Amino acid sequence: GEKQSVVLELDAEPAAPAEAAGAHGAPAPAGLLSRASGAATSASPSEPGTGTKTSSGNRGAYVSWAAGGAALLVGTGFGALAYKDKIDLDKVCKSSVCPASAQDRLKSANTLATISTVLVGAGAAGLVLGTIWFASAKSSTTGAVRSPTLAQTGPRAWIGVGQAGFATDF
């Protein structure tokens, strides 16, 4: 139930000389990004208690969203082809009975419809999974003070008799 305010400062990546100085043991300037970790190396010393929030778990979410979106688009394309074939077959087939000359086209339309269904389902699952990963990504706060109230547990799934579920802490 606690409310907190976080200030994020985005600075340009340090130039090569500053990076070399940080790599040889000298402290890097406050608020600069480390090329090795991609995370902020320190918070502003003039503002104790404020850190820079970084998240390393979002990469999987972005990949899942991209794959899910691509599968959804391709599945929609296959669905459009299957629908076109269905409309063409409706002209030839009477009372859901197709003549022998249309059996190959019917089989092709059914295959396209199956591929579409699988891809749209996989795309939707990818989008949902990406959203879950994004929402449950562990964030680390670097700086002078870490908030002990941030959830440190990851996503949890359970399956039981007559029930299944997924939970995470935000």
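Guide: Let us begin with how open a residue is: buried means under 20% relative accessible area, exposed means over 50%, and partly exposed lies in between (1.4 Å probe, protein chains only). This is a predicted model, in which local features need pLDDT of at least 70 and side-chain atom pairs count only at pLDDT 80 or more, while totals for chains, interfaces and linings use all residues. Residues are numbered from 1 along each chain as its sequence is written, and side-chain values use heavy atoms, with hydrogens and water left out.

First, the setting. The chain has three helices and four strands, taken from DSSP runs numbered from the N terminus (helices are H or I, at least four residues; strands are E, at least two). Along the sequence, their order is α-β-α-α-β-β-β. Of the 170 residues, 21% count as buried.

Helix 2 covers residues 58-92, and helix 3 covers residues 103-136. The 35 residues of helix 2 reach 51 Å from the first C-alpha to the last, close to the 51 Å expected at 1.5 Å a residue; that expected span is 1.5 Å times one less than the number of residues. Several residues of helix 2 are buried, among them Ser 64, Gly 68, Gly 75 and Leu 89.

Start at Ser 64, which lies in helix 2. Ser 64 counts as buried because its relative accessibility is 8%. Contact here means heavy atoms within 4.5 Å. Leaving out residues up to four places away in sequence, Ser 64 touches Gly 126, Leu 127, Leu 129, Gly 130 and Trp 133.

Next along helix 2 comes Trp 65. This residue is partly exposed, because its relative accessible area is 28%. With residues up to four places away again left out, Trp 65 touches Gly 126, Leu 127, Gly 130, Thr 131 and Phe 134. Trp 65 and Thr 131 are 66 residues apart along the chain, yet their C-alpha atoms are separated by 7.7 Å.

Further along, look across to Ser 116, whose place is in helix 3. Ser 116 is buried because its relative accessible area is 10%. Leaving aside neighbours within four places in sequence, Ser 116 is in contact with Gly 75, Phe 78 and Gly 79. Ser 116 and Phe 78 are 38 residues apart in sequence and 5.0 Å apart in space, C-alpha to C-alpha. There is also a polar contact to find here (a pair of N or O atoms within 3.5 Å; within protein, one must be able to donate a hydrogen and the other to accept it, and residues adjacent in sequence count only if both atoms are side-chain atoms). A polar atom of the Ser 116 side chain lies 2.8 Å from the backbone oxygen of Gly 75.

Now follow the chain into the loop between helix 2 and helix 3, where Ser 95 has its place. Ser 95 is exposed because its relative accessible area is 72%, and Ser 96, found in that loop too, counts as exposed at 79%. Neither is a glycine, but Ser 95 has a positive phi of about 55° and Ser 96 one of about 60°.

A disulfide comes next (a pair of cysteine sulfur atoms within 2.5 Å). By this rule the count is one, joining Cys 93 to Cys 98 with an S to S distance of 1.9 Å. The link is right-handed, with 105° about the S-S bond. Cys 93 and Cys 98 are both buried. They also belong to the largest nonpolar core, five residues in all, together with Leu 89, Ala 102 and Ala 109. Such a core is a set of buried Ala, Val, Leu, Ile, Met, Phe, Trp, Tyr and Cys residues joined through side-chain atoms within 4.5 Å.

Finally, a word on confidence: pLDDT is the predictor's confidence in each residue, from 0 to 100. The chain averages 73, and 61% of the residues score at least 70. Over residues 18-54 pLDDT stays under 50, as it does over residues 143-151. Where pLDDT is low, the predicted coordinates should not be read in detail.
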